[in-house]
Amino acid sequence: MTEEKRVLAFDFGASSGRAVVGTFDGRTIHMEEVHRFANDPVMVRGTMYWDVLRLFHEIKQGMTKAHLAGPFASVGIDTWGVDFGLLDERGNLLENPVHYRDARTAGMVEAAFRHISRQELYGITGNQIMPINTLFQLLSLKEQRPEVLARAKKLLFMPDLLNYFLSGACKAEYSIASTSQMLDARKKCWSRRVLAALSLPEGILPELIPTGTCIGKIDAALCEELGLAPASVIAVAGHDTQSAMAAVPTDEQDFLFLSCGTWSLLGTELPEPVINEASEQANITNEGGYGGKASFLKNIIGLWLIQECRRQWLREGREYSFGELEQLAKAAEPFRSFIHPDAPEFVPSGNMPERIRDYCRRTGQPVPDSVGAVVRCIDESLAMRYHQAALELETCLGRTYPRLHMIGGGIQSRLLCQMTADACAKTVLAGPVEATVLGNIALQLLSTGAIGSLREARQIIKASEDIRTYEPQQTERWQQEYHRWEEITSC
């Protein structure tokens with residue numbers, strides 16, 4: 001009989017985090033959430049920070065609660081991409097990491113292009129060029145706060161920083177490093193050309209390690225403080241998208257997937273990055289994943305739009321569950337108003353419903369005048385954007401995909417899943433909801449040898465989860481409305 005294996009996964013999103021124990025019995029993975037906590041940014045004198053010491057406190061709480069139910073063999077951490085902390089010469093954190101939605105990167109993309117062209121930058125890194133990327137955050141430090149950068153001896157991305165707090169190991173896991181716009185996508189190393197062009201210090205970047213590397217044990221003093229056994233610290237796919245990618249429940253080597261959460265990421269998994277004129281024009285990113293594979297992805301704003309609307313309505317004294325919002329959207333008039341989800345005005349936090357109404361006024365559309373109309377506008381617009389992104393990927397790769405694997409928290413909205421099937425004219429296979437956590441757990445099990453291959457891990461996840469199928473409906477109507485959406489959002 002196979003001995004059960006218990007591992008502990010920490011999954012940090014842009015608004016919350018959780019600790020989940022994964023138990024593998026040799027056939028299926030069972031998950032138990034043992035701790036959940038808020039992850040709220042903190043605005044101090046005009047700068048938006050992550051409260052990273054509070055987050056590490058929550059990691060301690062999660063490990064303590066997990067240990068009460070029994071020992072765990074390893075710990076893995078995944079987070080969002082691009083953000084980082086800086087350590088001084090003694091290994092101490094210089095300041096709290098700054099949030100990617102902070103305004104400090106305004107104008108930094110244009111400033112970078114004065115030293116290196118867009119074509120060359122994309123040609124080296126293969127990254128979708130976005131102001132939030134680590135490269136532009138570092139450039140803002142060099143331009144605006146050079147004294148901070150001068151004191152920095154090491155840069156650690158968010159999951160690497162939390163791993164450092166756990167183990168003392170200063171490493172850069174491959175998937176999270178690949179979000180930075182500082183990695184040479186083909187050579188799989190830091191790009192000296194990019195760093196030199198912007199006069200950024202190469203020496204602060206840590207050693208790159210493959211996804212799934214064991215970087216050590218939980219620090220002895222921490223084990224003593226919390227009464228823990230010295231479990232291994234595994235550098236799983238630190239970027240949550242790549243942990244989710246590991247959990248796509250498919251037998252196919254060539255597949256299309258959509259990870260739907262605060263951000264939506266639509267793409268496929270390839271042996272090597274695709275960097276050409278078509279991918280540059282479409283601004284498609286190449287990220288690193290398990291086994292050195294490339295994820296060919298399009299970043300799209302996702303449920304952030306609905307989350308921010310919900311927060312605004314809560315500030316106004318109107319509290320809605322996500323289920324209630326879905327029912328209100330379902331009852332609203334279809335195809336009344338559209339937005340482009342990735343329009344710049346929707347990136348910062350704030351009064352999202354009013355911004356959506358302003359967008360509709362500016363583009364000569366009916367203004368969404370109810371909660372349901374606003375949410376329906378978001379859902380339909382996201383489905384249209386998914387279709388557009390799928391077309392861009394298929395054009396770059398010269399092939400089409402009949403199915404779309406949809407994973408993540410967004411699939412709890414059956415309305416959005418059906419709209420996505422309709423807009424994309426593809427069969428949508430929805431599940432698992434907890435893809436990121438399952439991928440984190442699976443990568444720990446791969447690292448420790450409990451699972452033999454990524455393909456085997458995906459089969460185990462498929463056997464562990466329920467997958468819901470959505471067939472496309474009313475495709476002609478959706479195609480007509482898609483052309484109208486294109487016209488409106490191209491203005």
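Student: With which side chain does glutamate 207 meet in a salt bridge?
Tutor: This is a predicted model. Side chains of opposite charge can pair when their charged atoms come close. For glutamate 207 the N to O value is 2.6 Å, and the partner is lysine 171.

Student: How many residues apart in sequence are the parts that this pair ties together?
Tutor: Glutamate 207 belongs to strand S12 (residues 207-209), while lysine 171 belongs to strand S9 (residues 171-173). The pair therefore ties together parts of the chain whose separation in sequence is 36 residues.

Student: Is aspartate 11 buried or exposed, given its salt bridge with arginine 18?
Tutor: The salt bridge between aspartate 11 and arginine 18 has an N to O value of 2.9 Å. Buried means under 20% relative accessible area. Arginine 18 falls in that class, and aspartate 11 too is buried.

Student: Which residues are linked with Asp11 and Arg18 in a network of salt bridges?
Tutor: By the rule used, the count comes to 30 salt bridges. In the network, Asp11 and Arg18 are joined by Glu33, Arg36 and Glu434.

Student: Which strands stand at the edges of the open sheet of 6 strands?
Tutor: The order in this sheet is S3-S2-S1-S6-S14-S13, with mixed pairing. An edge strand here has a single partner strand, so one side of it is left without a neighbour in the sheet. That applies to strand S3 (29-38) and strand S13 (213-217).

Student: Which residue in S6 stands opposite leucine 8?
Tutor: Strand S1 (residues 5-12) and strand S6 (residues 74-78) run parallel and are joined by 4 bridges. Opposite leucine 8 stands valine 75.

Student: At about what angle to S1 does helix H17 run?
Tutor: Helix H6 (residues 158-167) lies across S1, S6, S13 and strand S14 (232-235), at about 150° to S6. Helix H17 (residues 435-447) lies across strands including S1, S2 and S3. Its angle to S1 is about 135°.

Conventions: Residues numbered from 1 in each chain as written. Predicted model: local features only at pLDDT ≥ 70, side-chain atom pairs only at ≥ 80, totals over all residues. Heavy atoms only, no water. Salt bridge = Lys/Arg side-chain N within 4 Å of Asp/Glu carboxyl O. Buried < 20%, exposed > 50% of the residue type's maximum accessible area, 1.4 Å probe, protein only. Helix = DSSP H or I, 4+ residues; strand = E, 2+ residues; numbered from the N terminus. Pairing = 2+ DSSP bridges. Contact = heavy atoms within 4.5 Å. Axes fitted to C-alpha atoms, helices over the stretch in contact; angles between N-to-C directions.
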